[in-house]
Every structure is written in structure tokens, then in C-alpha cells.
Amino acid sequence: MGDLAVLSARAIRAVVVAPLQGRKLSTARSIHQAMAVGVEALPIVSLITFFIGVIFALQSAYELRRFGALGLTASAVAVSMTRELGPLMTAIVVIGRSGSAFAAEIGTMKVNEEIDALQTMALDPVPFLVAPKFLAMAIMLPCLTTWGDFMGIVGGSVFGVSSAGFTLSTYFHASLNALVLRDVVTGLIKSIMFGITIAAVGCREGLATGLGAEDVGRSTTTAVVNSIFMVIAVDLVFTLIFYFTAPR
Amino acid sequence: MLHHEPKPLTEPVRMTDGIAIQVRDLHVGYDGREVLHGISFEVKAGETMVVLGGSGSGKSTLLRTLIGLEKPTSGEIWLHGQEFCSMSKHDANDLRKKIGVSFQSGALFGSMTVGENVALPLQEHTALDDSTIEIMVRLKLEEVGLAGYEDYMPAQLSGGMKKRAAIARALAMDPEILFFDEPSAGLDPIVAAGIDDLILKLHKAFKMTIVVVTHELASAYLIADRMMLIDRGNVIAVGSKEELQASAVPRVRQFLDRVPNDETVEDATYFDRLTGGIDI
């Protein structure tokens, strides 16, 4: 945990403080990472959050029907997607795509002596390699999450329109009415923290890779498992904070 | 011929002394196991020093320590009159800009083209504009015989070309000291001879100080001004190739004459090794 915190602090310093001191972060490397983390993940995030929206609508309707409250399906889906399922499911997809890729990329660079080469060229691997990944994650994960929230609501509307007596218009109207700004903001704050967590764990595992190809595989697996655990732990902490500090 | 003669830790060497690298009583270890046992030597400015040694002798550890990738447990490394081990990170990075390193594997960044690899140190450490950097990159690639390969990815290059590209990157900042880790390793004899020629050419053209770590004797004889032989973490010989060839020290002779270690064991010892000491 200690080295994770140190790595995060150094990366955040490279992103926020260093540019103010004239040490610019590479725009090209940051954009490249943002494309890989965000834009290329759009199709799979869309598909998964759409399915989650359908599933959650079905599961909600299963219980709500007993109380004759099928009309609340839209609000249940909207609130759950924006506060919890959208950020979490998007983070899980991004861990599988990018957290593992960070560990594999940096781990392979370590095995190939590329990290050593950076150091002998007086280039610190944290600002050079890690910081653009942090920046890309912190910006792109909230963007993906917003899109994921929307796709989840669209997924819910499939059930709402086909089986719960909504029209497309009334379903979206009910969803918007159920949401308050706080629901969306808390979800986005969580997604920023998830992004930082995924980048930190992936890069830490990559930098801790041993000297063989087998170690790269091990680092990648560890990065995925630890990222999922850390994201859920961060989710729990922030959910507790939001519950007790900003009750509905 | 000089044998292992550690000097007292006294005042720093200056460039005017004509010494580019001075190592004093260097001890390096990993996980409580010492790999280098108090190594001392000097490399004169403008000379090519070849560090020879067998597998596990500690020569690669020495190189990694000289270029700042390993911290010694004790001892001093003076590079151009500055003590490298105890200086601040900022000062160490300033000094690193004056050295170039060509790694055994090349260590080219796989996600960048050859041109981008060579341009990287110039982009990060100089205020040169893009067009000047582009010209510098072409010049460096021309120097190593890779003109026109700017847009190739490292994966598209052969082993020898990767080494040449890595040398071009190491030359990018016009270093005063150039380190080579096993430059001929994994190359066929013709390509390896080409790399040796390139090192000789660079030495002649730029008069830079060159340190080559290798176990290839033929290559060492060709490129070295002086050679140093390391065995089990100790320097056992330093001198010109003629001095080394004339050495009567048994371990030096064994290495130069390529005599294998005597692996003969007593019957009883062999039996014990097989049975693990169990009474049968």
C-alpha cells in the first residue's frame, strides 16, 4: 500500500505540479493513452452497460411487480446506474482492458531493459511513463462512465417499453425526474478515484515485474486481481462517505 | 601489468589528470550476497577499456553500477571528476546526460520508431526545434550505418541493426563516455565484426572514452586499448592486450586459453552427491 501511495503521489505531482514548474507532460503520450483507455473501450463499455441496464430492470421489476410499483423501474435503473453500476461496471471493463495492459506494457519494458535505458538517459519512468496513464485514466474513466450510465438507462428502457407499459419518451422522462445532480456527481467522483486506482495498481505491478517473461504474466494477473479488490474497497469507502455526508 | 591495487580514498580525480573514470574499493551486493569485492581501477580519457569476465564474474553488475542502475554498498565512482554514487538525483541526472549506454538487448522502445528512439533524449533534454532534431537523428543514424531507417519500428530490424540503432540513441547527446554491454552477444561473426568496426570508428572519430563489457576475446583484442579481467567479483588483471596475453596468472591464462574448469570429483563425493548422503 505504501509504494502504491508513493507512486500515485509522484504521478499526480508530475501531472499537476510539474507543468507549473515548466516540466511539461508529453501531450502526444497522454493523448495516445487517452485513446487507448477511453475511445477504444467505448464499444465494449456500451455493450456491457447496456446489458447491465436490461438485467437490472428485469431484476427490479421482479420485486417491484409484487407491490404494483412497476412504474418505478425507470427510476430504480437510473439511480442505480448513475450512483453505482455505471461507475463500477465501467471500471471493471477498464481494469480488464487497460489495467492489465499497463502492467504488461511496463513489465515487458522492464524485461527488455527499456526502463533501465530510460534511467540512463536521465528520464524518470514516473513522469515519462506513469503520469500520462494517470492523466488518461482520471479524464477518460468519468467520460466512459457518463456514457455507460446513459447506455444502462437505454438498456433499462428496452424492458420498460416492452414489458412495463412505458413509451420511450415516458421512460426517459421518468429516469430524468428520478435523478438529482448529486447522483451523477457522486458516481463521477467515484469513477475518477477508480481511474487513479487502476492506473496506480497497473503501473506499480508493471514496475515491480521481475526479469523473465513469466513474471510479466504474473504481474498482469496480479494487476487485475488487485485492481478489482482496490476498486471495490475504494467504492465502499466513498459510498460510506456519500451516504453519511449527503443523505437524500 | 597492474594487478588489483586499490588506492586510498583521497581527493577527487580531475579531468586535467586525464582520467575519465576512477573506481575505488567498490563493493556491490544483492540480498546480503556480495558480488563485487572491493574493485578499483581507472579508465583514461579517450581510451577504450574492455572489461572481460566469464558468466557470473560480476562484470555486468560492475557496468550496472557504473551507469547508476545499482547502488554500491561502499566505495566510490568518479566520472569526470564527480563522485557519482553520493550525488543528488538531480546532479546524477545531469551527469547521465554526458554518458551513453548501449544495452545488450538494444533496449529500444518498442512503441517508437527508430527515429523517435534516437530523438527522445534530444527532445527531453535540449531546446532544439523539431527540424534540427530531425537532422541530428539522420546524422546519428548515418554514423552507425542506418541511414534511411528512421521510420522503421525496432521489431522490423535484425539483431545487428537493433544494436546499431541503440548505439545511435546512445550517441544522441554526444556523450563523453560510452558504455557497451555485450555488444557482440547473439550476433553472427560477420555482424559482430561490423559492430566491432563501428566501435573502432566511433573511437577514432570522436575520441570518446569507451567502456565495453564482454566475454568475446576476439572482439576484445580488436577494440581494446586496455583490458581488465574480472573473476568472482575481483579484478585479477589490468593492462594492454600484450600484457594480458603475457600474463602467467593461472586464472588469467585459463580464461585467455579457454580452458574449462576442472569438474573431476572424487568417487565418494560423487556418490554422496547422488544419494544425498543417505546410507544405502
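Helices and strands are DSSP runs, helices having at least four residues, and are numbered from the N terminus. The model shown in these views is predicted.

**View 1. Positive phi at Ala122(A).** Ala122(A) lies in the loop of chain A between α5 (114-120) and α6 (125-163). Its phi is positive, about 60°, although the residue is not a glycine. Most residues other than glycine have a negative phi. Ala122(A) has a relative accessible area of 11% and is therefore buried, the cut-off being under 20%.

**View 2. Positive phi at Glu182(B).** In chain B, Glu182(B) sits in the loop between β7 (177-181) and α6 (189-206). Phi of Glu182(B) is near 45°, again a positive value in a residue other than glycine. With a relative accessible area of 5%, Glu182(B) is buried.

**View 3. Salt bridge between Arg64(B) and Asp116(A).** The closest N and O atoms of Arg64(B) and Asp116(A) are 2.8 Å apart. Arg64(B) belongs to helix α1 (residues 59-66) of chain B and Asp116(A) to helix α5 of chain A, so the pair joins two chains. Arg64(B) is partly exposed at 23% relative accessible area, whereas Asp116(A) is buried at 13%.

**View 4. Salt bridge between Lys89(B) and Asp124(A).** Here the closest N and O atoms are 3.2 Å apart. The pair crosses between chains, from helix α2 (residues 89-96) of chain B to the loop between α5 and α6 of chain A. Lys89(B) counts as exposed at 53% relative accessibility, and Asp124(A) as partly exposed at 23%.

**View 5. Salt bridge between Arg138(B) and Glu134(B).** The closest N and O atoms of this pair are 3.0 Å apart. Both residues lie in helix α4 (residues 130-143) of chain B, four residues apart, about one turn of the helix.

Terms used:
Residues are numbered from 1 along each chain as its sequence is written. Chains are lettered from A and ligands numbered from 1 in the order in which they are written. This is a predicted model: local features need pLDDT of at least 70, side-chain atom pairs count only at pLDDT 80 or more; totals for chains, interfaces and linings use all residues. Side-chain values use heavy atoms; hydrogens and water are left out. Buried means under 20% relative accessible area, exposed over 50%, partly exposed in between (1.4 Å probe, protein chains only). A salt bridge is a side-chain nitrogen of Lys or Arg within 4 Å of a carboxyl oxygen of Asp or Glu.
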